[in-house]
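Let's take a friendly walk through one protein model. Have the sequence and the 3D view ready.

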Amino acid sequence: MAFNGTWKVDRSENYDKFMEQMGINVMKRKLAEHDNLKIIIEQTGDKFHIKESSTFRTKDIDFTLGVQFDYALADGTEVSGTWEMEGEMLKGKFTRKDNSKVLTTTRTLVGGELVQSYNYEGVDAKRIFKKQ
């Protein structure tokens, strides 16, 4: 339950390169750099309710650890996958529906910050969130 709370993006590392690798056009990448993303996480046992709100959209996501679900990324890319808990880390593995390539993401707490890491086709990125 350590992830519970409201988290606001503070900074990103290599996020533009990651989005470029994902095939996101330059205009959407520039907008995404300033999306003011806020994530509200509510965990109850192995069930999660997450509300993502940004300059561009608000989306509610419900999932259960280990159970596959469908999700659309902010740019509209559709994926299907699961989240698992590995120790103190949330680990997601998602397959794109358009090209069957795999996107992995993790969420960990480091020094009181939520670090969300991404990997797609050999490109790594991070978004770091501060608790509100």
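Here is a short tour of the core, the rings and one annotated stretch.

## Ground rules

This is a predicted model, where local features need pLDDT of at least 70, side-chain atom pairs count only at pLDDT 80 or more, and totals for chains, interfaces and linings use all residues. Residues are numbered from 1 along each chain as its sequence is written, and side-chain values use heavy atoms, with hydrogens and water left out.

## The core

In soluble globular proteins, nonpolar side chains tend to be buried together. A nonpolar core here is a set of buried Ala, Val, Leu, Ile, Met, Phe, Trp, Tyr and Cys residues joined through side-chain atoms within 4.5 Å. Buried means under 20% relative accessible area, using a 1.4 Å probe and protein chains only.

The largest nonpolar core has 31 residues, and F18, I41 and F63 touch the most other members. Skipping neighbours within four places in sequence, I41 is in contact (heavy atoms within 4.5 Å) with F3, N4, G5, W7, F48, H49, I50 and L114.

## The rings

Rings of Phe, Tyr and Trp (its six-membered ring) pair if their centres lie within 6.5 Å; planes under 30 degrees apart count as stacked, over 60 as edge-to-face and the rest as tilted. That gives eight aromatic pairs. F63 and F69 are stacked, because their ring centres are 5.4 Å apart and their planes are at 10 degrees. F63 counts as buried at 4% relative accessibility, and F69 does too at 13%. Ring pairs also link F48, F63, F69, W83 and F94 into a cluster.

Key. Buried means under 20% relative accessible area, exposed over 50%, partly exposed in between (1.4 Å probe, protein chains only).
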